[in-house]
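Grab a viewer and work through these exercises on backbone angles, ring pairs and helix packing. Each one comes with a worked solution.

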Amino acid sequence: MALWIVGALALLGLGCVSPVQSSGTISSGATIKEPSIINIDEDARDLREAMAGWGTHEDTLIDILTERSYDNRQKIARKYRALYQRDLWTDVKAETSSYFEQVLKGMILTHARFLAEEFYNAMKGWGTDEDQLILCLMLVINNQTLKADVKHEFTLLYKNANLEDMIRSETKGDYGDIETFLVNVLNFNQDTSERFSVESDLKALRSYMFSRTPQITAIVNLLTKRPLNHLAALQRKYYKERKEELHYRIEQIFSSDTEKGLVSLLSAASNYRRYLATELYNAMIVKGTNEDALTTIIVARADKDLEYIKKEFEVIAGKELKMMVQADTSGYYRKALLSIIN
């Protein structure tokens, strides 16, 4: 924890800054638990001291950045700039590396900025990580404001690049209907007031799926242009009629990335937190940990509903999330994740 050395600050000519009551808004489902009394000025100074000179005090970075609310982390970043005319994230990035750096990035940047960078990282360089791209979309799918902010941040960060255009560029060609899936999900407004009929959609789906040659694009367009609550109702109705889950039929028809995308969409519609818990489990159960997915989900949901996701995870995995993270990660990366998981 950061120590409040008020007398020492006064002796150094930095002024006597009193600790203040924590004022950050924390969701009931958040795992971030900050002290009842914090000091924004002191936190900013402790962070600077942890990185100044030779060596880095990683424990200080973790103690402060993973134990302050989202609102207060933003205040700390602004105070850091005001005190030192330096950017907190730029300094932390210079002092850390790999997935430990990625965790702290998510703790410093706004949610929109962090996810905009995650979208870009999934597409940069040789090859596109479609699984990570799908996951990023699922993390913004039910928040129109966040989705719009991510698009805006993406344009600001990458030389006026357009997120939709980059997705199209990276997924066109030999990717089946994954381009259609990704673009439709990105652009569909989940808050639409348009009414959809479960009966009509189910009839259309049956026609598309059980024809001699399944109508691939028609299926994708229907499922990606409906609100999540409508897709949940559609799946319940399908199961009632056919005594099988809709995603089983989707898995028979589709393959590769489009299958992954549609199954993710249906899973998110049925139970969003269970979907994310499943993705966390999948990130660690296979040979070789998928640190990108693990980090992105934990960081993106820490201030929102990670506490509830942890409970879903325990049902799926039969063990606590912290236990699997403990076994699958190491070093300061592990310590930072475990602090966020709390």
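**Exercise 1.** Find where Gln85 sits, and decide whether Gln85 is buried or exposed.

*Solution.* Start with the place: Gln85 lies in the loop between H4 and helix H5 (88-95), where helices (H or I, at least four residues) are DSSP runs numbered from the N terminus. This is a predicted model, so local features need pLDDT of at least 70, side-chain atom pairs count only at pLDDT 80 or more, and totals for chains, interfaces and linings use all residues. Residues are numbered from 1 along each chain as its sequence is written, and side-chain values use heavy atoms, with hydrogens and water left out. Next, the backbone: phi of Gln85 is near 55°, a positive value in a residue other than glycine. Last, the surface: Gln85 has a relative accessible area of 61% and is therefore exposed (over 50%; buried is under 20%, partly exposed in between, with a 1.4 Å probe and protein chains only).

**Exercise 2.** Work out in which segment Asn342 is found, and what its phi is near.

*Solution.* Asn342 turns up in the segment after H21. Its phi is near 65°, again a positive value in a residue other than glycine. At 51% relative accessibility, Asn342 counts as exposed.

**Exercise 3.** Describe the ring pair of Tyr99 and Tyr333.

*Solution.* First, the total: the structure holds 8 aromatic pairs (Phe, Tyr and Trp rings, the six-membered one for Trp, with centres within 6.5 Å; planes under 30 degrees apart are stacked, over 60 edge-to-face, the rest tilted). Tyr99 and Tyr333 make a tilted pair, 5.7 Å centre to centre with 45° between the planes. The pair links distant parts of the chain, with Tyr99 in helix H6 (residues 98-108) and Tyr333 in helix H21 (residues 331-341), 234 residues apart. Now check accessibility: Tyr99 is partly exposed at 25%, whereas Tyr333 is buried at 9%.

**Exercise 4.** Determine how the axes of helix H2 and helix H4 cross.

*Solution.* The axes of H2 (residues 40-51) and H4 (residues 70-84) come within 8 Å and cross at roughly 65° (lines fitted to C-alpha atoms, for helices over the stretch in contact; angles run from 0 to 180 degrees between N-to-C directions). So H2 is roughly perpendicular to H4 (65 to 115 degrees; under 35 is roughly parallel, over 145 roughly antiparallel, the rest oblique).

Terms used: Helices (H or I, at least four residues) and strands (E, at least two) are DSSP runs, numbered from the N terminus.
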